[in-house]
Amino acid sequence: MTTLIAQLSDPHIREPGRLAYGRIDTAPYLRRAVQAVMTLKQRPDAVILTGDLTDFGRAEEYAHLAELLSGLGMPTYLLPGNHDDRDQLRLSFPAHTYLGDEGPVRYAVKIGGLRVVALDTSVAGRSEGAIGTDQLDWLEATLAAHDDEPVIVALHHPPFETFIGHMDKIGLLEGSAALEAVIARHPNVERVICGHDHRAIEKRFGGTIATVCPSPAHQVCLDLSPDAPSAWVLEPPAFRLYALGQDGRVVSHLAPVGDFDGPHPFHESGKLID
């Protein structure tokens with residue numbers, strides 16, 4: 001393993017003391033996720049958060065987010081989601097100059113042996129996502145410029161149907177087919193990583209693998225009915241890890257957040273315990 005990147009997504013941080021949806025304090029969940037990242041046996045080289053960083057994109061929420069993320073002892077990269085305000089995000093994190101000055105966020109950063117290329121799929125005032133021609137042209141040029149490097153492409157909205165009806169209705173409704181065509185032309189793209197759906201989901205996409213990351217707090221209910229109600233559940237939180245091997249390929253892991261019994265040995269005195 002030459003490079004390790006952690007992905008957190010959809011923490012939905014509120015102002016201190018405020019509850020998301022009137023029921024859940026998301027801050028302790030993110031604090032525990034940060035602690036879980038920091039206590040991994042192998043320290044990630046960087047962490048990327050793929051959107052819905054806050055619930056309403058307010059300055060007080062981003063200030064709270066900054067405090068919660070301060071425990072991460074490695075570079076941290078942010079990407080807005082549909083619950084965020086990209087202009088306020090830039091104001092609240094001025095040291096994160098990769099966020100740019102205006103328009104949709106987009107950046108390409110080198111993390112160890114991996115190149116992370118991030119695209120902003122959020123549409124101001126809307127829940128659904130979109131990728132316009134400018135973003136796609138930039139992505140094409142960026143991937144072409146780094147065709148000798150393994151790449152992870154990061155965005156908020158999954159660019160595919162998940163069969164969770166109420167989430168697909170607010171998915172990436174514009175540009176997903178064009179995005180897949182771009183990805184397919186660049187076989188060095190090892191992963192397309194997303195958030196938004198608050199579940200662990202995978203699909204073949206553009207000749208590679210697209211993955212969705214669970215939330216460190218609440219998850220979207222697993223109901224594949226087209227008319228499933230919009231609802232959430234406190235299933236175990238998790239984050240993803242992406243490890244680059246010596247062969248230039250990426251291996252994904254799903255890491256649960258929480259306290260669990262163990263570890264316990266399989267063997268004793270060189271023999272499997274009977």
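Pro263 sits in the loop between strand E15 (250–256) and strand E16 (267–268); strands (E, at least two residues) and helices (H or I, at least four) are DSSP runs numbered from the N terminus. The peptide bond that joins Gly262 and Pro263 is cis, with omega at about 10°.

This is a predicted model, in which local features need pLDDT of at least 70, side-chain atom pairs count only at pLDDT 80 or more, and totals for chains, interfaces and linings use all residues. Residues are numbered from 1 along each chain as its sequence is written, and side-chain values use heavy atoms, with hydrogens and water left out.

Two histidines in loops have a positive phi. His12 is placed in the loop between strand E1 (3–8) and H1, and its phi is near 50°, a positive value in a residue other than glycine. His12 has 1% relative accessibility and therefore counts as buried. Buried means under 20% relative accessible area, exposed means over 50%, and partly exposed lies in between (1.4 Å probe, protein chains only). His196 belongs to the loop between strand E9 (189–194) and strand E10 (201–205). His196 is not a glycine, yet its phi is positive, at about 75°; with a relative accessible area of 3%, His196 is buried.

Two helix pairs come next. Two packed helices are described by the angle between their axes and the distance between the axes. Here axes are lines fitted to C-alpha atoms, for helices over the stretch in contact, and angles run from 0 to 180 degrees between N-to-C directions.

| Helix pair | Angle between axes | Axis distance |
|---|---|---|
| H1 (residues 27–38) and H2 (residues 59–69) | about 30° | 9 Å |
| H4 (residues 133–145) and H6 (residues 176–184) | roughly 10° | within 10 Å |

H1 and H2 are therefore roughly parallel to each other. Angles under 35 degrees count as roughly parallel, over 145 as roughly antiparallel, 65 to 115 as roughly perpendicular and the rest as oblique. Ala27, Leu30, Arg31 and Val34 of H1 make the contact with His64, Leu65, Glu67, Leu68 and Leu69 of H2, where contact means heavy atoms within 4.5 Å. The residues of this contact of H1 with H2 comprise 6 nonpolar, 1 polar and 2 charged. Ala, Val, Leu, Ile, Met, Phe, Trp, Tyr, Cys and Pro count as nonpolar, Asp, Glu, Lys and Arg as charged, and the others, Gly among them, as polar.

H4 and H6 are likewise roughly parallel to each other. Leu136, Leu139, Glu140 and Leu143 of H4 meet Ala178, Leu179, Val182 and Ile183 of H6 in the contact. The contact of H4 with H6 has 7 nonpolar residues, 1 charged and no polar.

Val34 is part of helix H1 and, at 5% relative accessibility, counts as buried. Apart from its neighbours within four places in sequence, Val34 is in contact with Leu68, Leu69, Gly71 and Leu72. Val34 and Ala144 are 110 residues apart along the chain, and their C-alpha atoms are separated by 34 Å.

The whole structure contains 5 aromatic pairs. Rings of Phe, Tyr and Trp (its six-membered ring) pair if their centres lie within 6.5 Å; planes under 30 degrees apart count as stacked, over 60 as edge-to-face and the rest as tilted. Tyr98 and Tyr107 form an edge-to-face pair, 4.6 Å centre to centre, with 65° between the planes. Both Tyr98 and Tyr107 are buried. Together with Tyr77, Tyr98 and Tyr107 form one aromatic cluster.
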